[in-house]
Amino acid sequence: MVEVAKERAAKDRLPDRAHWVGTCQQRKATMLRKTHFTDTPIKPMRVYEEMNKAFGPETCYVSTIGLSQIAAAQFLHVYKPRHWINCGQAGPLGWTIPAALGVKVADPQRDVVAVSGDYDFQFMIEELAVGLSSIFLTYT
Ligand SMILES: Cc1ncc(C[n+]2csc(CCOP(=O)(O)OP(=O)(O)O)c2C)c(N)n1
């Protein structure tokens, strides 16, 4: 597509979308999503806001699927490449715990935070025992 676009641009056959791009950029800059809520009972956004405060820029998040994962993708701040580990598409419930353990095994220095709903969590909860029985996870 890029090649075709370049060919068309060279022949002056590419529509000028600079105005549309400009309006998009202006909306992105001025219509920021509200993320700060102080309501009681607390809203999910508050949880992610506190997570952003608690976890540093080195944190690696692992999540599978569900509302908690969708909101995590929208509200958590991820600062580095490959620090948002998500199975993508129609994620299989239960993936989060073993995937998070796998990230820790692959890179023991990494701070790993698994974001999981209760249903996802219980699907493969036995993997916690696998983690506990090996050297990479300690119970405190
Ligand atoms: C093995 C499997 N079964 C069913 C689904 C369909 N499904 C996707 S999200 C979801 C609910 C997830 O609930 P929970 O893990 O508690 O997360 P929440 O949405 O509450 O954050 C279901 C049943 C799935 N993705 N994988």
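User: What covers the buried residues of α5?

Analyst: This is a predicted model, where local features need pLDDT of at least 70, side-chain atom pairs count only at pLDDT 80 or more, and totals for chains, interfaces and linings use all residues. Residues are numbered from 1 along each chain as its sequence is written. Helices (H or I, at least four residues) and strands (E, at least two) are DSSP runs, numbered from the N terminus, and contact means C-beta atoms, placed from the backbone, within 7 Å. The cover over the buried residues of α5 includes β1 (60–63), β2 (84–86), β3 (112–115), α6 (118–123) and α7 (127–132).

User: Which residues of helix α5 are buried?

Analyst: Buried takes 20 or more other C-beta atoms within 10 Å of a residue's own, exposed is 12 or fewer, partly exposed is in between, and C-beta atoms are placed from the backbone. Across the protein chain, 16% of the 140 residues are buried. In α5, residues 96–106, they're Thr-96, Ile-97, Ala-99, Ala-100 and Leu-101.

User: What radius of gyration does the protein chain have?

Analyst: The radius is taken over C-alpha atoms, and the globule rule is 2.2 Å times the number of residues to the power 0.38. Those C-alpha atoms fill a box of roughly 65 × 40 × 25 Å along the principal axes. A compact globule of 140 residues would come out near 14 Å, but this protein chain has 21 Å.

Definitions and conventions:
Contact = placed C-beta atoms within 7 Å.
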